[in-house]
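Trainee: I'd like to learn how to read pockets, cores and disulfides in a model. Can we go through one together?

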Amino acid sequence: MKFITMTVIGFCLLFWGINQYQAKQEQNKYQYSDSPIQHRQEILQQFKILRAFETGDSVAYSELIKLPNNSMDDQNFKSLVSSILHHNIDPLIPFKLPDTVLVQWSEAYVQQLRDARRNKACALITSPGHNKDIAQVQNTLSESTQQKTILAITAILKHKQASVPYDENFAKSQWSEISRDLRSEFGDDIWLLHDIAGENPKSCDVIIRSLEVMLSRPTLQQQSAALRLFFKQHDSLVIF
């Protein structure tokens with residue numbers, strides 16, 4: 001009887017020891033991840049666009065990965081990252097990109113709009129402003145759209161130029177023809193092309209169709225001219 005009692009006590013002590021060890025390991029794991037810098041590093045990695053900088057602009061990337069060293073609360077840190085990412089990409093669109101890269105970006109943007117329309121979240125993509133909920137944006141965009149966008153941004157960063165040739169009169173002549181096509185399709189609703197706030201559900205349809213028509217122009221020169229004029233008036237970059 002005494003032997004059985006001692007055996008039971010021994011097993012109890014063994015299980016207690018195992019539980020204590022596991023609890024300690026779990027505690028050590030979270031102590032590391034809960035350090036302020038490590039926590040901000042984890043927030044930074046939530047921004048998928050960061051991947052584009054890793055291969056597209058190594059100099060900017062080396063500065064971006066230092067951002068977690070800044071001491072600030074989560075919300076301000078997210079705003080800082082969004083602002084810096086936006087500042088590094090947005091000024092390049094559309095007047096510092098070669099024609100082929102501008103077309104690549106336009107195709108990615110159309111795909112974003114299609115996802116947004118399907119999820120009834122057009123304003124999330126079309127409305128200006130960089131400080132949006134990145135989780136909401138990621139939930140709106142499919143994985144393939146996110147990947148297409150990251151590849152387009154990588155190309156933007158790799159092939160950015162000081163300036164590119166731009167003939168505004170030629171661009172306007174392209175838009176005259178495009179506008180006729182759009183007006184025959186949408187009538188007076190063509191004005192929704194400028195509804196960047198996305199308040200009218202049909203605005204997504206008009207913007208998507210407009211980009212499709214631009215991308216279907218016969219030559220790359222005609223496509224890029226129309227697209228530069230379009231992106232001159234539309235903020236197309238959404239941070240996620």
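Trainee: Which helices each supply at least two residues of the lining of the largest pocket?

Mentor: Start with the general idea: rolling a probe the size of a water molecule over the atoms shows where empty space is left. Keep in mind that this is a predicted model. Here, helix 10 (168-186) and helix 12 (220-233) each give at least two lining residues. Helix 12 has the largest share, with three residues. The pocket's volume is about 160 Å³.

Trainee: By class, what does the lining of the largest pocket have?

Mentor: Six nonpolar and four polar residues, with no charged ones. Among the lining residues are Trp175, Trp191, His194, Phe230 and His234.

Trainee: Which residues have the most contacts inside the largest nonpolar core?

Mentor: Phe53, Trp175, Leu211, Phe230 and Phe231, in a core of 66 residues. Helix 6 (residues 99-118) gives the most to this core, nine residues. Take Leu211: setting aside neighbours within four places in sequence, Leu211 touches Tyr109, Val110, Leu113, Leu227, Phe230 and Phe231.

Trainee: And which residues does a disulfide join?

Mentor: In general, a disulfide is a covalent bond between the sulfur atoms of two cysteines. In this model the count is one, joining Cys122 to Cys204 with an S to S distance of 2.1 Å. The pair links distant parts of the chain, helix 7 (residues 122-126) and helix 11 (residues 203-215), with the cysteines 82 residues apart. The link is right-handed, at 95° about the S-S bond.

Trainee: Is Cys204 buried or exposed?

Mentor: Buried, because its relative accessible area is 1%. Cys122 is buried too, at 10%.

Key. Residues numbered from 1 in each chain as written. Predicted model: local features only at pLDDT ≥ 70, side-chain atom pairs only at ≥ 80, totals over all residues. Heavy atoms only, no water. 1 Å grid on protein atoms, 1.4 Å probe; cavity = no way out; pocket = protein on both sides within 12 Å on 5 of 7 lines; lining within 4 Å. Points joined across faces, edges and corners; volume = space filled by probe spheres on them. Helix = DSSP H or I, 4+ residues; strand = E, 2+ residues; numbered from the N terminus. Nonpolar A, V, L, I, M, F, W, Y, C, P; charged D, E, K, R; others polar. Core = buried A, V, L, I, M, F, W, Y, C linked by side-chain atoms within 4.5 Å. Buried < 20%, exposed > 50% of the residue type's maximum accessible area, 1.4 Å probe, protein only. Contact = heavy atoms within 4.5 Å. Disulfide = S-S within 2.5 Å.
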